[in-house]
Amino acid sequence: MAAGRNGRTVRDLRRANRTVVLQRLYFDGPLSRFELGPATGLSSGSVSNVVADLVAGDRAVRVGDGGRIRCPKCQWEPAKTDRWRCSPGCEHVWNTFETRGRCPGCDKQWTDTVCLRCHEWSRHDDWYCDGQG
Ligand SMILES: [Zn+2]
Ligand SMILES: [Zn+2]
């Protein structure tokens, strides 16, 4: 698991693959893992790894699915299509709830998230109202 001295590790590769897959999902909508291969140019093995990581790892991706995420201040519920910008940061634009506050561009972990409606900042974890915390 240690990083090799060649720089590019399996972990880096997986993360890059995941970014590609997520981008396709954002722009093309829901795709099965069989459609994702041709869409992303990844092998079916890579796609399987990415999907497994997404399902097992970052237990996020609940946006628009029963209102489990909402602004603690004004109760606004973000949609899958809403976007946050990594700023100050790498200026990457993505849905922060897809990654539980981690920027896919630079890996910065955002502990607070701004509401796109009331513009108040709240702790990222406070947005999740599934009973934890
Ligand atoms: Zn960033
Ligand atoms: Zn709000």
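How are H1 and H2 oriented to each other? In this predicted model, helix H1 spans residues 10–28 and helix H2 spans residues 33–40. Their axes come within 10 Å and cross at roughly 105 degrees. Angles of 65 to 115 degrees count as roughly perpendicular, and H1 and H2 are therefore roughly perpendicular to each other.

The contact between the two helices involves Val-20, Val-21, Arg-24 and Asp-28 on the H1 side. On the H2 side, Leu-36, Ala-39 and Thr-40 take part. Sorted by class, the residues of this contact comprise four nonpolar, one polar and two charged.

A further site concerns Asp-112, which lies in strand E3, residues 112–114. Asp-112 has 13 C-beta neighbours inside 10 Å and so counts as partly exposed. Leaving aside residues up to four places away in sequence, Asp-112 touches Trp-121, Ser-122, Arg-123 and His-124. His-124 is 12 residues from Asp-112 along the chain, and the C-alpha atoms of Asp-112 and His-124 are separated by 4.8 Å.

Confidence in the model was also examined. The protein chain has a mean pLDDT of 82, and 82% of its residues reach 70 or more. Over residues 59–67, pLDDT stays under 50. For residues 59–67 the model has 18 contacts beyond four places in sequence. Where pLDDT is low, predicted coordinates should not be read in detail.

Key: Residues numbered from 1 in each chain as written. Chains lettered and ligands numbered in written order. Predicted model: local features only at pLDDT ≥ 70, side-chain atom pairs only at ≥ 80, totals over all residues. Axes fitted to C-alpha atoms, helices over the stretch in contact; angles between N-to-C directions. Helix = DSSP H or I, 4+ residues; strand = E, 2+ residues; numbered from the N terminus. Parallel < 35°, antiparallel > 145°, perpendicular 65-115°, else oblique. Contact = placed C-beta atoms within 7 Å. Nonpolar A, V, L, I, M, F, W, Y, C, P; charged D, E, K, R; others polar. pLDDT = per-residue confidence, 0-100. Buried ≥ 20, exposed ≤ 12 C-beta atoms within 10 Å, placed from the backbone.
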